[in-house]
Amino acid sequence: MTTTTATDPALLAALLDRVRADRDFGPNVYSTLDVLQVLYDRVLRITPETVDDPDRDRFLLSKGHAVAGYYALLAAKGFVPVAWLDDQGGPDSRLGDHPDRLLVPGVEIGSGSLGHGLGLGVGTALGLRAQGRTDPRVYVLLGDAELDEGSNHEAIAYAGATGLANLTAIVLDNHSASHGWPGGAAGRFTVNGWTAATVDGRDHAALHAALTGHDHHRPHVVVAVVTDNGE
Amino acid sequence: MRDTFVATATEFLDDPRTAVVLADISAAAFAPAAARHPDRVLNVGIREQLMVGVAGGLALTGLRPIVHSYAPFLVERAYEQIKLDLDHQGVGAVLVSVGASYDRAAAGRTHLGPADVALIDTLHGWTVHVPGHRDEVPGVLRDVVCGRRDSAYVRLSTQSNGTAYPDAGDLRVVRDAGPGAPLLVAVGPVLDRALAAVGDRPVTVAYTHRPRPFDTAGLRALAGTEVILVEPYLAGTSARVVGAALADRPHRLLTLGVDRTELRRYGSAEDHDRWHGLDAAGLRRSVDAFLSPAG
């Protein structure tokens, strides 16, 4: 079931440069890139042809500011024309500094205000389950600072208590939460009944194992730790 | 009205596209429905942000969510979720509240919701229904839930008129004082009081349980120079709509409703009606002052 169409790193870097257009990117852009690559290369069952297939996997980018790598990857995979990258954020562009699902093919949710993706992901997982669609899985990518938003904890507690087995949260942990998560972010999930894996966010093999490590009985969280970018 | 809502929504659950999302409020009333449809009657606990987020997610998969709680918890607590998890995602839901402006007046400020319709009115394209009688509820719900994908807000109350007008989405003339007479528009459960207030005055009274979209064509057909708007929520909520509809005509508009002042008083809904001038006597005072020549 897993697709293995590896994205050429040189191509991705070139596409990212086209989005960047000489602007400085924050570390969050680069820290997210490895997770996105592993997801789109090896985990998610989504193609440009299946963006409206009700049985597709869902990827919800909740930390909507991590958008440059997302757009570059969507272009590399053929969801959006590469030419769209050149005027990202411009008056006629469909690519904002945060993504809009009504403007960008392949984008499942519009995000930007933190703390909305996991609730939408819980609802999506429930909606799939209610329709007997047991095959697709819902993946939501959050940041460790985004976990500050209390809405996430409403979703974490409820998904754990009800054993929402078709949901995976991914926490990109670049240690940016102002007050930190003593003991690690994963504990906030496991105490509520989630399974968890904490891995090196640069290690593609480890990420792949973690992202496919759910047990089909409980929601799963992958904490991808990325601390080597000088933040 | 709440019982009628629960019964009607339970019927709608026979359609596999319908879902109900709760945050503990009315969960017991929906328990039989939840037993029959455990995957589509979802009580998330006391988590209103999640309640609306879940509704957005359900709608993204093609379901039609009905979301229900107390008015201030449903609309005010999770306003950004309503704006972003529904509207910004391009999906819809039907929000159904109880409590209205002060149905549980003795509970105090935390359970009062006079600003709900005004807040929903900051959003684009929403339908808003304020039934004035329990028998208006099933038709209203059928209209907004079945076969539609856009969003609606239905505001239920324990206050009621004596007569139901199920078809009064568009303005319905209840009392006709003839051409050119001042027009009083009553929204939802304030109709009986408004009728009593104008008593023997030559005022035409029209009723609607659907303030959005407001029946502006009907308003233009009925309105003379004087227009009086009586709403059971924040005073002036529909002033912009009426003002825009009559922008090309000289007119005078009086908007009556719940005042912004926090009274810090308990008592009953009837007490609050009186304190806000929304009982028959208070409405009569305001209408008489508005229609009397300035002196």
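Predicted model: local features only at pLDDT ≥ 70, side-chain atom pairs only at ≥ 80, totals over all residues.

Visitor: Okay! How many bridges join strand 1 of chain B to strand 2 of chain B, and do they run parallel or antiparallel?

Guide: There are three bridges between them, and the two strands run parallel. Strand 1 of chain B covers residues 18-22.

Visitor: What sheet is that part of, and in what order do the strands of chain B come?

Guide: In chain B you'll find an open sheet of six strands, with parallel pairing and the order 2-1-3-4-6-5.

Visitor: And which are the edge strands?

Guide: Strand 2 (41-43) and strand 5 (127-129) of chain B, since each of them pairs on one side only. Going from one strand to the next, the twist averages 15 degrees.

Visitor: Now the helices. What does helix 3 of chain B lie across?

Guide: Helix 3 of chain B, residues 48-60, lies across strand 1, strand 2 and strand 3 (64-70) of chain B. Its direction is at about 170 degrees to strand 3 of chain B.

Visitor: And where does helix 7 of chain B lie?

Guide: Helix 7 of chain B, residues 137-145, lies across strand 1, strand 3, strand 4 (94-98), strand 5 and strand 6 (152-155) of chain B. It runs at about 165 degrees to strand 6 of chain B.

Visitor: Let me zoom out. How many helices and strands does chain B have?

Guide: Chain B has 12 helices and 11 strands. Along the principal axes, its C-alpha atoms fill a box of roughly 65 × 40 × 30 Å.

Visitor: What radius of gyration would a compact globule with 295 residues have?

Guide: Near 19 Å, and chain B has 19 Å, so the two agree. Buried residues make up 52% of the 295 residues in chain B. As for contacts in chain B between residues at least 6 apart in sequence, 70% join residues at least 24 apart.

Visitor: Switching topic: how many residues does each chain bring to the contact between A and B?

Guide: Chain A brings 22 residues and chain B brings 24 residues. On the chain A side, the elements giving two or more residues are helix 4 (117-130) and helix 5 (150-161) of chain A.

Visitor: Which of them gives the most?

Guide: Helix 4 of chain A, with 11 residues. By class, the side of chain A that touches chain B has nine nonpolar, 10 polar and three charged residues.

How values were computed: Residues numbered from 1 in each chain as written. Chains lettered and ligands numbered in written order. Contact = placed C-beta atoms within 7 Å. Helix = DSSP H or I, 4+ residues; strand = E, 2+ residues; numbered from the N terminus. Nonpolar A, V, L, I, M, F, W, Y, C, P; charged D, E, K, R; others polar. Pairing = 2+ DSSP bridges. Axes fitted to C-alpha atoms, helices over the stretch in contact; angles between N-to-C directions. Rg over C-alpha atoms; globule rule 2.2 N^0.38 Å. Buried ≥ 20, exposed ≤ 12 C-beta atoms within 10 Å, placed from the backbone.
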